[in-house]
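This report describes selected features of the structure displayed below. It is intended to be read alongside the sequence and the coordinates.

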Amino acid sequence: MIMTEENIRYKATIAGKSYTIIGNQSHAYMDMVSELANEQLTTIKQQAPAITDEQAAILLAMNTLSVQVKLQEQILDLKKTIGQLETEVAKTADLEQRLDELKKNEKNMRKKILEEQREFSKEEMLHQIEVQKLLNQQVKEKIQKNNHKKLHNQYKK
């Protein structure tokens, strides 16, 4: 491994053997990883005391790779789910925008209908006023006719 400014030398003791590990992780992180490796190697050796350190290390590597593959599958599944959710969010945002537009259109249509109703009411009112004027004129003419008849009848007497 080529050393860069970010790489750190770390001395670890795993299964009683000393190793120098070069990487960019902190000493605290590497201490945790080394401790975990030693714990798992101890567990493997307890379950299968007849195996060699090399066989135990291979089993540990296989177990670790198995977990890594499962985690990578979970990551892929989660990325797929995230993609689906993002698509749903986009659809939801589109639907919300369309709903807002529909609400705006509905509001405009209601306003237009109210304006038309007001206009119709004004026209209807004007029509009723005209009808009332005609009726008033007819009543007025009838009254005048009756008054004229009364006057005519009074002159006849």
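Predicted model: local features only at pLDDT ≥ 70, side-chain atom pairs only at ≥ 80, totals over all residues.

Gln 97 has a relative accessible area of 47% and is therefore classed as partly exposed, since that class lies between the limits of 20% and 50%. The residue is placed in helix α2.

Asp 100 belongs to a negative surface patch, whose other members are Asp 94, Glu 96 and Glu 101.

A further residue of helix α2 is Thr 81. Its relative accessibility is 35%, so Thr 81 is partly exposed. From Thr 81 to Lys 112 the separation is 31 residues in sequence and 45 Å in space, taken C-alpha to C-alpha.

The relative accessibilities of individual residues are collected here.

| Residue | Relative accessibility | Class |
|---|---|---|
| Gln 97 | 47% | partly exposed |
| Thr 81 | 35% | partly exposed |
| Tyr 29 | 38% | partly exposed |
| Ala 15 | 40% | partly exposed |

Tyr 29 is located in helix α1. Together with Met 32 and Val 33, Tyr 29 forms a nonpolar patch on the surface, and the three residues have about 280 Å² of accessible area together. Tyr 29 itself is partly exposed, because its relative accessible area of 38% falls between the limits of 20% and 50%.

The largest nonpolar core comprises ten residues: Tyr 10, Ala 12, Ile 14, Met 30, Ala 37, Leu 41, Ile 44, Ile 51, Ala 56 and Leu 60. At least two residues of this core come from each of β1 (8-14), α1 (27-47) and α2. Helix α1 provides the largest share, with four residues. In soluble globular proteins, nonpolar side chains tend to be buried together.

Ala 15 has a phi angle near 55 degrees, which is a positive value in a residue other than glycine. Ala 15 lies in the loop between β1 and β2 (17-23). At 40% relative accessibility, Ala 15 is counted as partly exposed.

Definitions and conventions
Residues numbered from 1 in each chain as written. Heavy atoms only, no water. Patch = residues over 30% accessible without salt bridge, like charges linked within 9 Å, V, L, I, M, F, W, Y side chains within 5 Å. Areas by Shrake-Rupley, 256 points an atom, 1.4 Å probe, with all protein chains shown as cover. Salt bridge = Lys/Arg side-chain N within 4 Å of Asp/Glu carboxyl O. Lys, Arg positive; Asp, Glu negative; His and termini not counted. Charge placed at Lys NZ, Arg CZ, Asp CG, Glu CD. Core = buried A, V, L, I, M, F, W, Y, C linked by side-chain atoms within 4.5 Å. Buried < 20%, exposed > 50% of the residue type's maximum accessible area, 1.4 Å probe, protein only.
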